[in-house]
Amino acid sequence: MATVIGLTNEQRDQIWESMTAEQIEVLKNFDRFLWKSYNLTVQYNNSVRWDFIGIEIDHFYKRGTRHQKNYLKCDVCGYHPIKRCYVLKSQERDQVVGMGLDCFKEHVIIPEKAKKEIHQYLNDINEFRDQILMSYWQGKRFPNDLYLRAVQHPNFDSTSDFGRRILEFKRANLPLYSRDRGSLKRLARNAKKAILAKQQEQERLEKLKAMQPAANTEYQEAITTFTRYRLWTLAPFLEQFFDGTDWKVAETPQVGKIFSEDYDQTHCVCGAVMDYQILLKNRHNESSLLIDPRHVSKHTSVTDEKAAPLVEQINNITAERNQILQKYEEGKKFPKSDFEYALSEGFFDPEDKGDVLDYCEVLKDANLPLPDQIEHELQEFNERYDKELTGEVQVVINAYQMIFAMVQQEMPGSKKVDDVRESIEKYVSRETNIDLPVVDENSIGELTAPEKNDQLYFRKMELYLFASTFKDKFSQEKQILINNIINMYVDREVREGLADNINKLQEYVAKEQ
């Protein structure tokens, strides 16, 4: 493939000369970071316990005073300066040895295949570093606005390798490597959502913690807390239920001894041991009544017909509890992946399912299964959303294929069409952290929902870049069609910051062969 964007050796030398010592050190650390992912054990100095940890490069080799102060030296023969230093680290003691190419060939035993791999890996690292140098040459620096949004995400960890690398580039005011910038973009996009979710979760946990009774085991505690919470959600219903009667609710319904041995055994006024208890107070005097809520028609003026909805609510809570117990005995656990996916996609609407989310959190913490109804609703929601997501990815793929066919028809036999397509694929792959080749429309259904979301973002960016690059090649009527497709399928967030890339791709297409 023809290189759409690249640096000449002269440009590269000028860039290095213009950089500060701190910026150069940050880029050296970046090289070392990339070499970390290459694992190779070699034989050196009569020992096989040496790790090859990378190649350091003198970018000022035999050029000026900066080179004289920072030259590389071979530790084996003492020769200096050397342009490339091959670095080994002993597995047996704290010793690092750097050597020139000739000593490396003479003293290090390495398989022939590994030699080719090292050479290819060095080329890859040079390409990655050139991305940064090119951005620097174009006047780009550290994306501080993006960083300020990303660091608000609860998952941004300044002590991780990624976090430390971001902070190094920030201090040196260097543009980011494309994959790091893509990761930072993803954190920035989801920061507000993650912060809100964390705040809501903290509020729920504090509320639930205040409600939890003592229990013998975590399992018993979770079952009891679940039941107490379900009873607590009946408060608005009970207030309306007893409106117009002689009685009002003095305390939220509680769990009887059958659910927690930490509660005193209590009996309904009819003498029955209560699974649940509710304390009522007379509106006209100070008398009180402690009864099983299912016996309300026996001990108050409430009729059996009016009491039926309350009895049904209590029976539903009992059924849910029994379902959890039965599933637990069958070895079933909390459906964490289904729950987290539904949570992230808006299933637990605060006005509609806020209470359900709270008691799901109780069961999640104890890894207990969900009641049947909520589990079925979760699965149906996820399946429906997953199907819709699959369809959305396929539609964007089809739109891209249609525009690609239009371009091929407009520019038959042009190698530049394939060059641009491949260049865009590689760029979007780096920006989204998605490896090539991407999944096609026939295989998208095999992916998990988070993977489909990533594929959708990849495909939207690919569609936007390709369509925008060749749009001017068409008639006004077709340009309107392409603009409509972009507006229909590509969010404004996806288009952000891509104008420079489109201009460069258009310049490449416009050049004479």
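Lys185 counts as buried, because its relative accessibility is 11%, below the 20% cut-off for that class. In this predicted model, the lysine has its place in helix H8, which spans residues 178-211. Leaving out residues up to four places away in sequence, Lys185 touches Leu146, Glu431 and Glu496. Ala150 lies 35 residues from Lys185 along the chain, and the C-alpha atoms of the two are separated by 7.1 Å.

The structure has 20 helices and eight strands. Of its 513 residues, 44% count as buried. Among contacts with a separation of 6 or more, 68% are between residues 24 or more positions apart. The protein exposes about 27,900 Å², and carbon and sulfur atoms supply 45% of that area.

Strand E3 (residues 84-90) and strand E4 (residues 96-99) run antiparallel and are joined by four bridges. The two strands form a hairpin, with five residues between them. Within this pairing, Met99 in E4 stands opposite Tyr86. Beyond its neighbours within four places in sequence, Met99 is in contact with Tyr44, Cys74, Asp75, Val76, Ile82, Arg84, Cys85, Tyr86, Leu88, Phe104 and Val108.

E7 and E8 (residues 288-291) pair in the antiparallel sense over four bridges, and Leu280 has Leu289 of E8 as its bridge partner. Strand E7 covers residues 276-282; six of its seven residues are buried, so the strand is largely enclosed by the rest of the structure.

Helix H17 (residues 449-470) has 22 residues and reaches 32 Å from its first C-alpha to its last, close to the expected 32 Å at 1.5 Å a residue. Because 18 of its 22 residues are buried, H17 is largely enclosed by the rest of the structure. Helix H2 (residues 21-36) has 16 residues and reaches 23 Å between its first and last C-alpha atoms, close to the 22 Å expected. The buried residues of H2 include Gln23, Ile24, Val26, Leu27, Phe30, Asp31, Leu34 and Trp35. The spacing of such residues can be read against the helical repeat: an α-helix has 3.6 residues a turn, so residues three or four places apart point the same way.

Charged side chains complete the picture. A search of the whole structure finds 24 salt bridges. One of them pairs Asp130 with Arg12, at 2.7 Å from N to O. This pair links distant parts of the chain, with Asp130 in helix H5 and Arg12 in helix H1 (residues 9-18), 118 residues apart. Both Asp130 and Arg12 are buried.

Another salt bridge joins Arg294 to Asp292, whose closest N and O atoms are 3.3 Å apart. Arg294 counts as partly exposed because its relative accessibility is 23%, whereas Asp292 is buried, with a relative accessible area of 2%. Elsewhere, salt bridges that share partners join Glu25, Arg32 and Glu56 into one network.

Technical notes: Residues numbered from 1 in each chain as written. Predicted model: local features only at pLDDT ≥ 70, side-chain atom pairs only at ≥ 80, totals over all residues. Heavy atoms only, no water. Buried < 20%, exposed > 50% of the residue type's maximum accessible area, 1.4 Å probe, protein only. Pairing = 2+ DSSP bridges. Expected span 1.5 Å × (residues − 1). Contact = heavy atoms within 4.5 Å. Salt bridge = Lys/Arg side-chain N within 4 Å of Asp/Glu carboxyl O. Areas by Shrake-Rupley, 256 points an atom, 1.4 Å probe, with all protein chains shown as cover.
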